[in-house]
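Hello,

Here is the model I promised to pass on. Please have a look at it first, and my notes follow below.

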Amino acid sequence: MAKSQKAALGFIFITLLIDVMGWGLIIPVMADLISQLKGIPVNQASTYGALLLSVFAITQFIFSPVIGNLSDRFGRRPVLLSSLLGFGIDYIILALAPTYGWLFIGRIIAGITGASFTTATAYIADVSTDETSRAKNFGLIGAAFGLGFVLGPALGALLATWGIRAPFYAAAALCLLNCIFGYFFLPESLNKENRRPFEWKRANPFGSLKFLTKHPEIGGLALGFFLIYLGAQAVQGNWNFFTIYRFNWSEKMVGISLAVVGVLVGAVQAGLTRVINPKIGNEKSIYLGLSLYALGLILFAFATEGWMMFAFLIPYCLGGICGPSLQSIISGHVESNQQGELQGALTSLMSLTTIFGPLIMNSTFSYFTSDKAPFHLPGIHFLIGAACMIMSIFITYRVLSKEKKTV
């Protein structure tokens, strides 16, 4: 039984790792692939790249609760295996895509199948026997994310030297091999007596956002939280397009830079946050982190050499100390039996930034690098991101200052 559970948890870890690695694998080549398929310069291709990111986020936002509810009805195993099979098929479609439209279809499929993250976490909860083992097993999620954000872009950069489509075939192989492994070795974790009928009203993706309307006391802080992740889309949604256009980076260099981001973010989240936060407190951590975010984004906007982007990643990634601190303060405003709803609402806000953020950032980058723009400014989307961080500082400061006066 112990061996079976260990194998199952290993499968879940690999599944989560593939989820994270999948997009990281193809980011280094996606900009040039879109440019080739559309027959346009890479700066103009960024708008089409944003559409791919947005449609992926929309389908995940809609289907995450649907997939989660299906796993409550039919069990975790069939949902996980179906999702992995769908992911593998998606990457094959992307690898063979003759036109941009096929990339669009592929991202829709990936958004639906990638919503299996909720099922994977439910599986972990099913097989964990007590709170101690549950906490230990949920640590697999953080480990998979950290490792995936480093390995994905690095492996994508390496494979790109073999051809622009090679990372897609690699991602497909990973998914399909894991699906085959799971078919033979993954046991079902949800007993039939614990399953429930599927209900559409419980699969409503907008339901969690209603929680924020019921708690106006956290509305301002939630807006600050939203602005942080919206501003971060200046980097997440357009890094490859900007660096290829501005510094003529190769797919390999894009992948290496993203691997560096993964290492820095992991170091900040796993180590620095635990050191700084206890010393200066949540509130100061928020203001310091947001200031560093804004500084990093402004420096990105005016970088003139490629090596500067690596140097400026340091202040930008150090800004990551603000997120956990703000989330902690927001969590302190609701009762313990409402924490699940709160985290669901914050996750929904993050999903919305992934839907709208790339469209805003990439379209402005495309416009201000075109002949139609009143002036040429490739880094304007970074300045928009910095503005979001600065607005978040003012909003958070105003809310927290007002609360101090009323105490």
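Let me begin with one side chain: setting aside neighbours within four places in sequence, Leu-103 is in contact (heavy atoms within 4.5 Å) with Met-30, Leu-33, Ile-34, Leu-37, Leu-52, Leu-94 and Ala-97. Before going further, please note that this is a predicted model, in which local features need pLDDT of at least 70 and side-chain atom pairs count only at pLDDT 80 or more, while totals for chains, interfaces and linings use all residues. Residues are numbered from 1 along each chain as its sequence is written, and side-chain values use heavy atoms, with hydrogens and water left out.

Leu-103 belongs to the largest nonpolar core, which has 85 residues; together with Leu-297, Phe-300, Met-309 and Phe-382, Leu-103 touches the most other members. By a nonpolar core I mean a set of buried Ala, Val, Leu, Ile, Met, Phe, Trp, Tyr and Cys residues joined through side-chain atoms within 4.5 Å. Buried stands for under 20% relative accessible area, exposed for over 50%, and partly exposed for what lies in between (1.4 Å probe, protein chains only). Helix H11 (residues 251–301) gives this core its largest share, 11 residues; helices here are DSSP runs (H or I, at least four residues), numbered from the N terminus. Another core, of 18 residues, lies apart from it, and includes Phe-11, Ile-12, Leu-17 and Leu-81.

Now to the charged pairs. The structure holds 2 salt bridges, each a side-chain nitrogen of Lys or Arg within 4 Å of a carboxyl oxygen of Asp or Glu. In one, the side chains of Arg-76 and Asp-72 meet at 2.7 Å, N to O, and Arg-76 is buried at 6% relative accessibility. In the other, the closest N and O atoms of Asp-90 and Arg-107 are 3.4 Å apart. Asp-90 sits in helix H3 (residues 76–96) and Arg-107 in helix H4 (residues 100–113), so this pair ties together parts that are 17 residues apart in sequence. Asp-90 is buried, at 0% relative accessible area, and Arg-107 is buried too, at 2%.

Two other residues may interest you. Ser-325, in helix H13 (residues 322–331), is buried with a relative accessible area of 1%. Leaving aside neighbours within four places in sequence, Ser-325 is in contact with Asn-277, Asn-282, Ser-285 and Ile-286. Tyr-183, in helix H7 (residues 166–185), is exposed, with a relative accessible area of 54%.

Best wishes

Note on methods. Helix = DSSP H or I, 4+ residues; strand = E, 2+ residues; numbered from the N terminus.
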